[in-house]
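Colleague: Please show me the model, and then we can go through some of its local features.

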Amino acid sequence: MKYELGPTDALVIVDIQNDFLPPNGALAVPHGDEVIPVLNKYIAEFDKRNLLVYSTRDWHPDNHCSFIPQGGPWPIHCVVGTEGVQFSPLLELPVNAVIISKPSDENLETYSAFARTDFADQLFAAGIKRIFVGGLATDYCVFNTVKDGLALKFQVCLLLDAIKGVNVNPEDSKEHEEEMARMGAAHVTLADITA
Ligand code: VGL
Ligand code: ZN
């Protein structure tokens, strides 16, 4: 299916941060680096139409509850002030990209870019009705961002060629992609938006 992009559309790039990227990231998503060149193409399509690009980031204190030393499931990652929290230098963000940092409370785990941020208000204020979501990780932050976006009544297009999952269980990415479609997200690839 073809999508004509217009001023009520925005691109949402989820968590393309060094710690989520192989080979050196603390919580490297398998093949996560492969989405960057594809995301750069989406960025170019949005940027050449002067459309908004948002870039979200995981933004943790060094004692976050999701870290293994605190009893959580994840290795220490995306700690504010470290190299790992930075966006990948290979991601070609426009100079006017809007950065959305997730909450940094040590006792709160929020995978969604909408949870306790002003992201929804920013999108409403900008007149955005449809968001195109790609990035990492399919089964955590992408999934929860898409889910909340749909609940907030945004149309959501999931960029199937620009997401990768952690796959704690081997089928996790596939199941989450299917679940997002069942919830109402459209499955989109680059060919659907390039003229
Ligand atoms: C994420 C696990 C822990 C993600 C963030 O960005 O999907 N996953 N923190
Ligand atoms: Zn995290």
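**Local features of the model**

Modeller: Glu45 is found in helix α1 (residues 35-48); helices (H or I, at least four residues) and strands (E, at least two) are DSSP runs, numbered from the N terminus. This is a predicted model, in which local features need pLDDT of at least 70 and side-chain atom pairs count only at pLDDT 80 or more, while totals for chains, interfaces and linings use all residues. Residues are numbered from 1 along each chain as its sequence is written, chains are lettered from A and ligands numbered from 1 in the order in which they are written, and side-chain values use heavy atoms, with hydrogens and water left out.

Colleague: Is Glu45 buried or exposed?

Modeller: Buried means under 20% relative accessible area, exposed over 50%, and partly exposed in between (1.4 Å probe, protein chains only). Glu45 has 11% relative accessibility, so Glu45 counts as buried.

Colleague: Which residues does Glu45 touch, not counting residues up to four places away in sequence?

Modeller: Contact means heavy atoms within 4.5 Å. With residues up to four places away in sequence not counted, Glu45 touches Leu5, Ile193 and Thr194.

Colleague: Why is helix α3 largely enclosed by the rest of the structure?

Modeller: The buried residues of α3 pack against β1 (9-14), β4 (130-136), β5 (155-164) and α4 (172-183). Helix α3 (residues 138-151) is largely enclosed because, of its 14 residues, the number buried is 11.

Colleague: What is the angle between the planes of Phe124 and Phe154?

Modeller: Rings of Phe, Tyr and Trp (its six-membered ring) pair if their centres lie within 6.5 Å; planes under 30 degrees apart count as stacked, over 60 as edge-to-face and the rest as tilted. A search of the whole structure finds 8 aromatic pairs. Phe124 and Phe154 form a stacked pair, 5.2 Å centre to centre, and the angle between the planes is 15°.

Colleague: How many residues apart in sequence are the parts that this pair ties together?

Modeller: Phe124 is partly exposed, at 45% relative accessible area, whereas Phe154 is buried, at 4%. Phe124 lies in helix α2 (residues 119-125) and Phe154 in the loop between α3 and β5, so the parts tied together are apart in sequence by 30 residues.

Colleague: What is omega for the peptide bond from Leu136 to Ala137?

Modeller: Most peptide bonds are trans. Ala137 lies in the loop between β4 and α3. The bond from Leu136 to Ala137 is cis, with omega near -10°.
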